[in-house]
Amino acid sequence: MLVIAHRGASGHAPENTLAAFRRALAMGAPAIELDVHQTLDHELVVAHDDDLKRCARDKRRLKNVHWDDIAGLDVGAWFDKSCAGERLPRLKDVFDLLPASVELHIEIKRGSSVYPGIEERVVDLIHKRAASSRTVVSSFDHAALYSVRSLDEKVRIGYLLGLTTLKTALREMQEIDAESLNLSVRQTLVRTVKAAHDRGRKVLVYTVNTPAERDRLNTLGVDGIFSNYPELNLWR
Ligand code: G3P
Ligand code: MG
């Protein structure tokens, strides 16, 4: 079972920062997940929320700001004083950091309805970095996944279920050839795992932060978990 460092090693360092990704790499994480938004001037920014309140005490929304206006913000101090000075990374900064051996799960937080052209920019960057085989694009915004598929027939796709019914999800996953069904822990039932596996899709589960929960999901046969603690990976 693959353990994917959720927002980097976000149990140990401020989420979605280069510090969190470096920590995950140092811990030997085979795969990393991050979240992507887009600024007004079309920079792909790695952050979870659509505004900067929680991590930078700044109320502005990423879609309304220019990259230069937020590049200097501190997104580390909220986590721990010792992490002060961490900056928002751009998606390209993370590509610069990651070795080719590490799988990258890029979660597009909202598609073109909120961030015009984001799907194209993500796919372009994956192409520029020759990273198609080691990158998985996921989203709760399924229209964004359809766009991604229309841009590249080979790109790997993870389908985050969200509030969609399993029946619709399985149909849409087939239409866009998503390789995995990504579920919350609560959504992960025996029959859901079986339904995905019967159709040749993997199941990845978020967010799993204890050995007991990891072991339970492993017994259920899930293929991977997103965890803030990459040290849960005992099988590397
Ligand atoms: O991609 C799995 C997980 O990251 C989805 O939820 O809110 O942590 O981005 P969230
Ligand atoms: Mg995420």
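**Reading a predicted model by its cut-offs**

Q: How do you know that Glu107 is in contact with ligand 1?
A: This is a predicted model, and every value comes from its atoms. A polar side-chain atom of Glu107 lies 2.8 Å from an oxygen atom of ligand 1. A polar contact needs a pair of N or O atoms within 3.5 Å. The Glu107 pair is at 2.8 Å, so it counts as a polar contact.

Q: What makes His48 and Lys109 polar contacts of ligand 1?
A: The limit is again 3.5 Å. A polar side-chain atom of His48 lies 2.6 Å from an oxygen atom of ligand 1. For Lys109, a side-chain N or O atom is 2.7 Å from an oxygen atom of ligand 1. Both distances are within 3.5 Å, so both pairs qualify. The protein covers 91% of the 290 Å² of accessible area that ligand 1 has on its own.

Q: Which residues surround ligand 1, and how do they divide?
A: The shell is His6, Arg7, Glu33, Asp35, His48, Glu107, Lys109, Phe140, Leu160 and Tyr206. Three are nonpolar, two polar and five charged. Phe, Leu and Tyr count as nonpolar, so Phe140, Leu160 and Tyr206 belong to that group.

Q: Why are Glu33 and Glu107 placed in their accessibility class?
A: Buried means under 20% relative accessible area. Glu33 has 3%, so it is buried. Glu107 has 5%, so it is buried as well.

Q: Why is the pair of Trp78 and Phe79 called edge-to-face?
A: Two tests apply, one for distance and one for angle. The ring centres are 5.7 Å apart, and the limit is 6.5 Å, so the rings pair.

Q: What makes Phe140 and Tyr206 an aromatic pair, and of which kind?
A: Their centres are 6.2 Å apart, within 6.5 Å, so they pair. Their planes are 85 degrees apart, over 60, so the pair is edge-to-face. Phe140 is in the loop between β7 and α6, while Tyr206 is in strand β10. They are 66 residues apart.

Q: What makes the peptide bond from Tyr206 to Thr207 stand out?
A: It is cis, with omega near -20 degrees. Most peptide bonds are trans. Thr207 lies in the loop between β10 and α9.

Q: What makes the phi of Arg7 and of Asp177 stand out?
A: Arg7 has a positive phi of about 60 degrees. Asp177 has a positive phi of about 50 degrees. Neither is a glycine. Most residues other than glycine have a negative phi. Arg7 is at 16%, under 20%, so it counts as buried. Asp177 is at 45%, between 20% and 50%, so it is partly exposed.

Notes:
Residues numbered from 1 in each chain as written. Chains lettered and ligands numbered in written order. Predicted model: local features only at pLDDT ≥ 70, side-chain atom pairs only at ≥ 80, totals over all residues. Heavy atoms only, no water. Buried < 20%, exposed > 50% of the residue type's maximum accessible area, 1.4 Å probe, protein only. Near = heavy atom within 4 Å. Polar contact = N/O pair within 3.5 Å; in protein donor to acceptor, adjacent residues only side chain to side chain. Areas by Shrake-Rupley, 256 points an atom, 1.4 Å probe, with all protein chains shown as cover. Phe/Tyr/Trp six-rings, centres within 6.5 Å; stacked < 30°, edge-to-face > 60°. Helix = DSSP H or I, 4+ residues; strand = E, 2+ residues; numbered from the N terminus.
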